[in-house]
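Colleague: I'd like to learn how to read a few features off a model like this one. Could you take me through them, general idea before the particular case?

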Amino acid sequence: MSRPGLLFYIALVLFVTMRPLPAPVIEEEQPSPTISSKPKSKASAPAAKQASLSDRDVEVVLSDSGQAALKYLRDYVEHFEKMPFTGKSDVRPDDILPQLRQALSTRFKNVSIANEGSSRSKGGLVMVLDLEAHVGSFSGTHNKLHLSGTFKSNDGKVLGSVVGAGKSPVPYPAFHTSFPKALNAAIADFSRNLGQLRR
């Protein structure tokens with residue numbers, strides 16, 4: 001076999017026996033994840049709006065001690081004014097509830113006073129009012145008035161309480177008691193403490 005034929009034969013054998021080259025690997029470009037600029041909104045239940053005190057009605061109901069204190073003050077006035085040469089007493093029990101109502105009106109929508117301690121409130125709050133009162137008997141002694149209001153919901157649940165106290169000395173000479181000063185101080189103290197009552 002001639003040399004060119006031999007070379008052709010070898011090349012043919014190599015071509016037949018040679019393994020095919022693997023196909024080139026082409027990496028497909030993966031799409032990058034899309035990041036949304038909008039945060040996922042969580043569905044949240046709307047918070048229940050709590051009615052503030054300014055939206056509520058309140059009815060004042062005198063407790064047994066409250067009624068007893070008013071009776072004590074009225075009996076004092078009646079006894080004082082029956083005495084000769086004494087004139088009109090400056091103790092005015094009927095001023096207490098109107099002044100208290102005025103103080104409550106700064107925080108509540110409507111304020112009413114129940115008659116004879118019985119509540120007729122249907123949808124508002126009830127404030128049970130306790131009273132302690134003392135009228136000084138002579139110069140140097142003190143007049144004292146203590147108010148305590150316990151607030152209750154329509155179903156009887158206690159929501160909080162507010163107190164107010166006032167004191168005034170009987171002047172010398174004791175032509176009058178100066179009890180109205182004790183009343184004014186007690187109402188002012190009650191009003192301050194009412195401002196701290198949670199809405």
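Colleague: Let's begin with helix 3. Which of its residues are buried?

Modeller: Keep in mind that this is a predicted model. The general idea is that an α-helix has 3.6 residues a turn, so residues three or four places apart point the same way. In helix 3 the buried ones are Ile96, Leu97, Leu100, Ala103 and Leu104. Their arc around the axis is only 120°, which puts them on the same side of helix 3.

Colleague: And what do the buried residues of helix 3 pack against?

Modeller: Quite a list: strand 1 (57-62), helix 2, strand 2 (110-113), strand 3, strand 4 and helix 4.

Colleague: Helix 4, then. How does its end-to-end distance agree with what its residues should span?

Modeller: Helix 4 covers residues 179-194, which is 16 residues, and at 1.5 Å a residue they should span 22 Å. The C-alpha atoms at its ends are 23 Å apart, which agrees.

Colleague: Which residues of helix 4 are buried, and which are exposed on the other side?

Modeller: Phe179, Ala182, Leu183, Ala186, Ile187, Asp189, Phe190 and Leu194 are buried. These cover an arc of only 165° around the axis, which puts them on the same side of helix 4. On the other side, Lys181 and Arg192 are exposed. The cover over the buried residues includes helix 2 (64-82), helix 3 (96-104), strand 3 (125-134), strand 4 (142-152) and strand 5 (158-169).

Colleague: What about empty space? How many cavities of 30 Å³ or more are there?

Modeller: In general, rolling a probe the size of a water molecule over the atoms shows where empty space is left. Here the count is one cavity of 30 Å³ or more. The largest cavity has a volume of about 30 Å³, and its lining is Asp90, Arg92, Asp95, Phe179, Pro180 and Leu183. By class that lining has three nonpolar, no polar and three charged residues.

Colleague: And which residues are closest to the centre of the second largest pocket?

Modeller: That pocket holds about 210 Å³ of space. Of the 13 residues lining it, Tyr76, Phe80, Ser137, Ala174 and Thr177 are the closest to its centre. By class, the lining has eight nonpolar, five polar and no charged residues.

Technical notes: Residues are numbered from 1 along each chain as its sequence is written. This is a predicted model: local features need pLDDT of at least 70, side-chain atom pairs count only at pLDDT 80 or more; totals for chains, interfaces and linings use all residues. Side-chain values use heavy atoms; hydrogens and water are left out. On a 1 Å grid over the protein atoms alone, a cavity is a set of points where a 1.4 Å probe fits but cannot get out, and a pocket is an open set with protein on both sides within 12 Å along at least five of seven lines; lining residues have an atom within 4 Å of a point. Grid points are joined across faces, edges and corners, and a volume is the space filled by probe spheres set on the points. Ala, Val, Leu, Ile, Met, Phe, Trp, Tyr, Cys and Pro count as nonpolar, Asp, Glu, Lys and Arg as charged, and the others, Gly among them, as polar. Helices (H or I, at least four residues) and strands (E, at least two) are DSSP runs, numbered from the N terminus. The expected span of a helix is 1.5 Å times one less than its number of residues. Buried means under 20% relative accessible area, exposed over 50%, partly exposed in between (1.4 Å probe, protein chains only). The arc is that of the directions from the helix axis to the C-beta atoms. Contact means heavy atoms within 4.5 Å.
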